[in-house]
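Keep the viewer open as you read.

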Amino acid sequence: MLALVQREIVDKHKWVEEKEFLNMLALAQAVPGLIAVNTAIFVGWCVSKGRYRWAYILAAVLGATIPSIVCILAIAIFFTQYKHLPAVESVFKGVRPAVVALIAATVIRMARKI
């Protein structure tokens, strides 16, 4: 998720410079809470330029959390109904390496730029 956030706000929209984003990410890791939510708070703060700052922060936090909540809820509903099927078990076992690859790709991309 952080790679997507970086691509959108740094590369595509250029709302925040890359160095500033890396500083925000480091700070987001240092404070308590989820890294994605903390980063969203910092991005909302920086993008707002002082006007309607809390609205920007709220929109950034909701944008970072609502899609995940909806996806997890949908998966949980599906999984509780069909978890006993072998095909569903196989799909979930196959997703694990993809998640590890996404996390590794983010770490490698960020490590190259440091």
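Start with Glu8, which forms a salt bridge with Lys12, the closest N and O atoms being 3.9 Å apart. The term here means a side-chain nitrogen of Lys or Arg within 4 Å of a carboxyl oxygen of Asp or Glu. Before going further, a word on the ground rules: this is a predicted model, where local features need pLDDT of at least 70 and side-chain atom pairs count only at pLDDT 80 or more, while totals for chains, interfaces and linings use all residues. Residues are numbered from 1 along each chain as its sequence is written, and side-chain values use heavy atoms, with hydrogens and water left out.

Back to that pair. Glu8 and Lys12 both sit in helix 1 (residues 2-12), four residues apart, or about one turn of the helix. Helices here are DSSP runs of H or I with at least four residues, strands are runs of E with at least two, and both are numbered from the N terminus. Glu8 is partly exposed, at a relative accessible area of 29%, whereas Lys12 is exposed at 58%. For those labels, buried means under 20% relative accessible area, exposed means over 50%, and partly exposed is in between, using a 1.4 Å probe and protein chains only.

Asp11 is partly exposed at 32%, and Arg109 is partly exposed at 24%.

Now for the rings. Rings of Phe, Tyr and Trp (its six-membered ring) pair if their centres lie within 6.5 Å; planes under 30 degrees apart count as stacked, over 60 as edge-to-face, and the rest as tilted. By this rule there are three aromatic pairs. In one of them, the rings of Trp45 and Trp54 have centres 6.4 Å apart and planes at 75 degrees, so the pair is edge-to-face. Trp45 is partly exposed at 40% relative accessibility, while Trp54 is exposed at 68%. Phe79 and Phe92 also form an edge-to-face pair, 4.8 Å centre to centre with 65 degrees between the planes. Phe79 belongs to helix 4 (residues 53-82) and Phe92 to helix 5 (residues 86-113), 13 residues apart.

Trp45 has a charged neighbour too: Arg53 lies over the face of Trp45, at 3.7 Å from the ring centre. That label needs NZ of Lys or CZ of Arg within 6 Å of the ring centre and within 35 degrees of the ring normal.

Thr39 is buried, at 2% relative accessibility. Leaving aside residues up to four places away in sequence, Thr39 touches Leu2, Phe21, Leu25 and Ala28, where contact means heavy atoms within 4.5 Å.

Finally, zoom out. The protein has five helices and zero strands. Of its 114 residues, 20% count as buried. The C-alpha atoms fill a box of roughly 50 × 35 × 30 Å along the principal axes.
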